[in-house]
Amino acid sequence: MTSVELNNVTKKYDKEKVVAVDDVSLSVSKGELFGLIGPDGAGKSSIFRILTTLLLPDGGTATVEGYDVVKDYKTIRGNVGYMPGRFSLYQDLTVEENLSFFATVFGTSIEENYELIKDIYIQIEPFKKRRAGKLSGGMKQKLALSCALIHKPSILFLDEPTTGVDAVSRKEFWEMLKRLKQQGITIMVSTPYMDEATLCDRIALIQSGKILSVDTPSGIVKSYHGKLFAIKSDAMYKLMNDLRAFEHTRSCFAFGEYHHISFKERDKDYTEEVLNYLQAKGHTGVEIKSVTPAIEDCFIDMVEEKKSEA
Amino acid sequence: MRTLRFLLQKEFRQVFRDKNLLRQILMVPIIQLLIFPWAANYEVKNISLAIVDHDHSSYSEKFISKIFSSGYFIHSDYTSSFKDAYQLIERDKADIAIEIPQGFEKNLVRENQQKIFLAVNAINGVKAIVGTGYLASIITDYNSQIRAEWVQADRFNAAPAIEITSSNWFNPLLNYKMFMVPGILAFLVTLIGGIMCSLNIVREKEIGTIEQINVTPIRKQYFILGKLLPFWIMATFVFTLGLLISRFAYGIIPQGSIVLLYAFLSVYLFAVLGMGLLISTYSDTQQQAMSISFFFIMVFNLLSGLYTPIESMPAWAKVITDFNPLRYFIEVMRMVVLKGSSFHDVSHHFLVIFLMAVVLNTWAILNYRKTT
């Protein structure tokens, strides 16, 4: 059963000059936790806004729970939960008032669906008389999720829910999502953080409005072909410049305390050549090792591929 | 209906929590109505006079004291030459210079006629016209006084004379406040209804809550009605407050029916709120909404007949006033409050405002989209 389906969806802004979503096709199954992973400006929010019927696509069709986003927008609006990237609840209403307002707007009440939001709401319940504007970032996000869930939607759209939230809250948030998934709710989430990608069932990597790849996180990692090395020395910045100047280098970028490097001949081990080259350049404390690629490596690799194709 | 009730509940909660908005709604009408009418006064007083008396006779003395006893003039200075008096005008120390020629008394007695020279600073047109008007009537009066002294009155007037007396209706004391207060009140209601309504909707756009509302199944008619009604109620409240102020601070008691005033107000508010709504659908930020509203409010205000009579405007400006809702409200206010006009007298105004309300609201609702 598919929950969300996009067929060749295109969206352009500024009189057709800026292409935000470029011929995107993908489908999300029922009960899946699907991640839309890509940098800022990749078109993630536009896709969300099309699926939540806030934005009309310029081309292609999209359905949510089998309903067309253009024709059946009324049905969709009653069945989806949407949490926009920006906190957009009434800051001058209290936690409780916000929640009961959105409940009544959907023709339900807090009591009716309390079970669904209990886990999340219980954490902010001590502050229910506090105005939403006075909550901390993590609590705002919990309130927004509660409000998006209060009418028991069958699918949840979360647009960058963890942007600007501390590491602990982010972890908590993903745990909440997992629990929601167990209740059979389809969740579509977008994030610019590659490390969150592994927490999804399936992910779509997106760049400049185009889908680069759709697969499970491990499938994406597997599809990375060739070897990847982590390398460090005492002068990291110089190391980066030197490595990028190295004739066999395909790509080199910072990754934590190491630089990740791949070579043009992808399966060949260049360890010797690199060490010699760096020695000649006067680097000390050089350390190089082979690593298994992360999602981020795959993403950068695909972007590189796109560039070399173009 | 249930949805609408909750929307209204939410809206009022927000209004009562916004201390600034409350202050504006309560304080602005009180302050403006208590201060503005005192300042908006066309009665020209304190015209300063520079006097060049070349005669220094008892007649010229009498003439000068007659001028000052009228109460409209204040004394700037006596100068020995017109050149000095002109300098006073140039330095804005005097509005009018009067030159009384040498031999004023002698010629007046001997030759039965004399000339007085007036120089008027016409930068402020109203002051110049009104000032010379006052002076002219004082001079005429003085003239007839002298004639009475010198010419033996016949039993019948030799030359037939028509004396004009006028009686002022509806505002017998020509009290400007009677005229201004109802107009200012109309303006205030427009300001509060129109601007605040548009700002409120745009604020939802600005902080993003409208996104959240748009994904809900709320029908847009309900959402819009939920926005209009609170401001409709608040503007009616301000109007009531204003009527009370004009009753107790200025003693203005509407001659006509209060019910008629409120009936017109309720139709009028839908037109004004519709305009606010329309502005909000065209702007994305409160700043944009504010500048558009400000533009319209300025035009409405200056072309409403609040300060200057519409009858004296050029033809093209008159055409603009035909599309100015404020103009109709001010007219109705003045007609009902001062003249006691009945529904029959203002039915045309009702019709025009009703049409405006329909057009503006339809336009706004069509232009308000939950989807972009």
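1. In this predicted model, four salt bridges are counted between chain B and chain A. One salt bridge joins the side chains of D92(A) and R203(B), with an N to O distance of 3.1 Å. Ten residue pairs, both members at pLDDT 80 or more, are found in polar contact across the interface of chain B and chain A.

2. On the side of chain B that touches chain A, helix 1 (2–17), helix 7 (176–207) and helix 8 (209–214) of chain B each supply at least two residues. Helix 1 of chain B gives the most, with seven residues. By class, this side of chain B comprises ten charged, eight polar and seven nonpolar residues.

3. The contact draws 27 residues from chain A and 25 residues from chain B. The area buried between the two chains is about 2,600 Å², and carbon and sulfur atoms give 55% of that area. R17(B), Q212(B) and V215(B) supply 26% of the area that chain B buries against chain A, more than any other three residues.

4. Over all chains, the count comes to 29 salt bridges. Within chain A, the side chains of K181(A) and D201(A) meet in a salt bridge at 3.0 Å, N to O. K181(A) lies in helix 6 (residues 167–182) of chain A, and D201(A) in the loop between strand 8 (186–191) and strand 9 (202–207) of chain A, so the pair ties together parts that are 20 residues apart in sequence. K181(A) has a relative accessible area of 27% and is therefore partly exposed; D201(A), with a relative accessible area of 29%, is also partly exposed.

5. A further salt bridge of chain A is formed by R250(A) and D301(A), whose closest N and O atoms are 2.5 Å apart. The pair links distant parts of the chain, with R250(A) in strand 12 (residues 249–255) and D301(A) in helix 10 (residues 295–309), 51 residues apart. R250(A) is partly exposed, its relative accessible area being 22%, whereas D301(A) counts as buried because its relative accessibility is 9%, and buried means under 20%.

6. In chain B, the side chains of K227(B) and E204(B) meet in a salt bridge at 2.8 Å, N to O. This pair also links distant parts of its chain: K227(B) is in helix 9 (residues 220–250) and E204(B) in helix 7, 23 residues apart. Both K227(B) and E204(B) are buried. The two residues belong to a network of salt bridges that links K10(B), E11(B), E204(B) and K227(B).

Key. Residues are numbered from 1 along each chain as its sequence is written. Chains are lettered from A and ligands numbered from 1 in the order in which they are written. This is a predicted model: local features need pLDDT of at least 70, side-chain atom pairs count only at pLDDT 80 or more; totals for chains, interfaces and linings use all residues. Side-chain values use heavy atoms; hydrogens and water are left out. Contact means heavy atoms within 4.5 Å. Buried area is the accessible area (1.4 Å probe) that two parts lose on being put together, summed over both. A polar contact is a pair of N or O atoms within 3.5 Å; within protein, one must be able to donate a hydrogen and the other to accept it, and residues adjacent in sequence count only if both atoms are side-chain atoms. Helices (H or I, at least four residues) and strands (E, at least two) are DSSP runs, numbered from the N terminus. Ala, Val, Leu, Ile, Met, Phe, Trp, Tyr, Cys and Pro count as nonpolar, Asp, Glu, Lys and Arg as charged, and the others, Gly among them, as polar. Buried means under 20% relative accessible area, exposed over 50%, partly exposed in between (1.4 Å probe, protein chains only).
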